[in-house]
Amino acid sequence: MSVYTVCFSGTACTRDEGEKSRKESDRDIYTPDTGYIPVRIHKEITGTLQPGRASASVRGVGENDWASPRDDSEPLKLDGPLHVPPDLRQYAQSYSGGNQFSYPSQINGWAAVALALHGANLAAASGAEQYNLIGHSRGAAECIMAAWFLYAYGRRDVTVNIFAIDPVPGSGEWYGILTQLPPNVVNFTGIYAWDHVGGRLDPGFMALVPRPNARQCQEDQPPFKLGATWKTLADHNQRADPLQLQAGRMQPKGYQLYACRGRHGTVTGNRTSDGMYDASKADPTVAPVPELIYKLAREHLSDWGTLFDAPCAVQTKSAELSEAIHTNHVTFDKMGGGANRTSTLPWRPLVRRISSISGLNPANYYYLEDVAGVPPAQSNYPVTSERAGRGWVDWSYL
């Protein structure tokens, strides 16, 4: 089976993120063996940072394609082969080509739709019999939107698999094409950072958990009606909320949710002690998190048919990496506000917020510790004294 893989970068990340340094991003913040994971994955499939026969990369929101030149980007593929409506092409056109570096764009995230359409067109143009999508941050959210564009405007018989690393659409409107997986998605794996604190950082970094589709829930597909516009494609097809407890439901197949220590950047390659962008704070005790996620990404993509041109750069066994994370957990504790996350302030400001509903309404969220079940005692995951409940979908703790 021919497989094409599209790798979506997160907000403010270039297509050579982690491979080249620039003023806004020093490559040395990344773990050498993993780099910035979506970009490194593409490079290890194709052998180059340029698009190849088996994979392509997509730049992040509010950023240009490459570290050099800094003031220009390549045109997006918007005119086909997908048969998209004129309003979607028109919306996406302003984010195609020219200087796309913009701090306001990084905040509002409006370009994500255009980048998702571009990635979907790249996949469709490959002629492959299966599409594998991997992304981080808004790039992970773009994977879900791209799957919808492939389903609504392309061939519906082509399988889509998604590896989403800490998907965060941002604080604006969350369309139904974010909160629900389309019928063409067979496998979805989501990785969620435990130590990216809430409070002032949310809702901009509120994590997204899309709802599994009927196939994954082993249910008959109910009558399916696509919305009249690209914004409403999935609005009539929202299924069971994975973050609510629903007694008697079978666990979905091809749908995996993982919690992992570290911050939003840690889970995709950042090795600094605070998860930020100062390379002088590189900490070897942080490296096992990105190394484990990198191995997990390669294993999933390989299982889904992606062929790699380069061998796996991390030779340490996954069990050993996991043990190292939980043995040397002090750095991760500090990232999220300490080993004890209970605060005297209201609204649990040191707990990650997560949603499967909408980011526009700040009331539409859950606390990660309330939906992921009880962490294994030996894993040292910090929780608050308010922790309670769980959703109906089982979570795994890395």
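Start by selecting R348, which sits in the loop between α9 (330-335) and β8. Buried means under 20% relative accessible area, exposed means over 50%, and partly exposed is in between, using a 1.4 Å probe and protein chains only.

Before moving on, remember that this is a predicted model, where local features need pLDDT of at least 70, side-chain atom pairs count only at pLDDT 80 or more, and totals for chains, interfaces and linings use all residues. Residues are numbered from 1 along each chain as its sequence is written, and side-chain values use heavy atoms, with hydrogens and water left out.

Now jump to N380, in the loop between α10 (368-371) and β10. N380 is another non-glycine residue with a positive phi, near 60°. Is N380 buried or partly exposed? With a relative accessible area of 31%, N380 is partly exposed.

**The seven-stranded sheet**

Next, colour the strands β2, β1, β3, β4, β5, β7 and β10. In that order, these 7 strands form an open sheet with parallel pairing. Its edge strands are β2 and β10 (395-397), each pairing on one side only. Neighbouring strands in this sheet are turned by 15° against each other on average, direction ignored. Two strands pair if DSSP finds at least two bridges between them. In general, strands of a sheet pair through backbone hydrogen bonds, either parallel or antiparallel.

Zoom in on β1 and β3, which run parallel and are joined by 6 bridges. Pick V3 and look across to Q130, its bridge partner in β3. Then show helix α4 (residues 112-125), which packs on the sheet and touches β1, β2 and β3. The direction of α4 makes about 160° with that of β1; axes are lines fitted to C-alpha atoms, for helices over the stretch in contact, and angles run from 0 to 180 degrees between N-to-C directions.

Slide along to β7 (residues 255-260). This strand is largely enclosed by the rest of the structure, because 5 of its 6 residues are buried. β7 pairs with β5 (residues 185-193) in the parallel sense over 6 bridges, and I191 has Y258 as its bridge partner in β7. β7 is also joined to β10 by 3 bridges, again parallel; select A259 and you'll find its partner Y397 in β10.

**A helix under cover**

Select α1 (residues 37-46). How many of its 10 residues are buried? The count is 8, and among them are I37, V39, I41 and I45. Those buried residues pack against β1 (3-8), β2 (55-58), β3 (130-136), β4 (159-165) and α7 (288-303), where contact means heavy atoms within 4.5 Å.

β8 (residues 353-355) and β9 run antiparallel, joined by 2 bridges, and R353 has Y367 as its partner in β9.

The peptide bond from S68 to P69 is cis, with omega near 5°. Another cis bond joins G80 and P81, with omega about 10°.

**The spaces**

Last stop: select T11, A12, F205, H264 and Y277. These lie nearest the centre of the largest pocket, which is lined by 37 residues. Its volume is about 850 Å³. On a 1 Å grid over the protein atoms alone, a pocket is an open set of points with protein on both sides within 12 Å along at least five of seven lines, a cavity is a set where a 1.4 Å probe fits but cannot get out, and lining residues have an atom within 4 Å of a point. Grid points are joined across faces, edges and corners, and a volume is the space filled by probe spheres set on the points. Which helix gives the most to the pocket lining? That is α3 (residues 103-108), with 3 residues.

For the largest cavity, of about 50 Å³, select its lining residues, including W194, R341 and P382.

Conventions
Helix = DSSP H or I, 4+ residues; strand = E, 2+ residues; numbered from the N terminus.
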